[in-house]
Amino acid sequence: MLLLASNLLKQPYLPSAPFTNLAPLLEGGLHAIKRRSLVFIISDFISSPGWERPLSLLNQRHEVLAVRLWDPREVNLPDVGPVVIEDAETGSSYM
């Protein structure tokens, strides 16, 4: 677990992240993990469409524990007037 955290911290910082596509990641796990395993998926699940089937197939072969990350402040924003928001995945700004 510490090796995983260490490797994640070594990744370069991206000023804007590409749009997430969970399908290839789930398919990669499906093909790479040979023995029946417990698979943790931690995501906000905001992704390109089409990840549901690979997740279902992964769940048929392995025990899958999916954890959805979300921030309640993203749902109930305080009324602070006009705010400029930047999309972290595309770099686009919105008001």
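A polar contact, as the term is used in these legends, is a pair of N or O atoms within 3.5 Å, of which, within protein, one must be able to donate a hydrogen and the other to accept it. All views show a predicted model.

**View A. The start of helix α2.** At the start of α2, a side-chain oxygen of N21 comes to within 3.3 Å of the backbone nitrogen of A23. A23 is also one of the buried residues of this helix, which spans residues 22-32.

View B. The buried residues of α2 are L22, A23, L26, G29 and L30; seen down the helix axis, they fall within an arc of 130° and so line one face of the helix. These buried residues pack against β1 (38-43) and α3 (52-61), whereas L25, H31 and A32, on the other side of α2, are exposed.

**View C. The surroundings of H62.** H62 is placed in the loop between α3 and β2 (63-68), and it counts as buried because its relative accessibility is 0%. A polar atom of the H62 side chain lies 3.1 Å from the backbone nitrogen of S37. Leaving aside residues up to four places away in sequence, H62 touches I33, R35, R36, S37 and V39.

View D. L38, F40, I42, L65, V67 and L69 make a nonpolar surface patch of about 570 Å². Strands β1 and β2 each supply at least two residues of this patch, with β1 giving the most, namely three. I42, which lies in strand β1, has a relative accessible area of 57% and is therefore exposed, the cut-off for exposed being over 50%.

How values were computed:
Residues numbered from 1 in each chain as written. Predicted model: local features only at pLDDT ≥ 70, side-chain atom pairs only at ≥ 80, totals over all residues. Heavy atoms only, no water. Buried < 20%, exposed > 50% of the residue type's maximum accessible area, 1.4 Å probe, protein only. Helix = DSSP H or I, 4+ residues; strand = E, 2+ residues; numbered from the N terminus. Arc of directions from axis to C-beta. Contact = heavy atoms within 4.5 Å. Patch = residues over 30% accessible without salt bridge, like charges linked within 9 Å, V, L, I, M, F, W, Y side chains within 5 Å. Areas by Shrake-Rupley, 256 points an atom, 1.4 Å probe, with all protein chains shown as cover. Salt bridge = Lys/Arg side-chain N within 4 Å of Asp/Glu carboxyl O.
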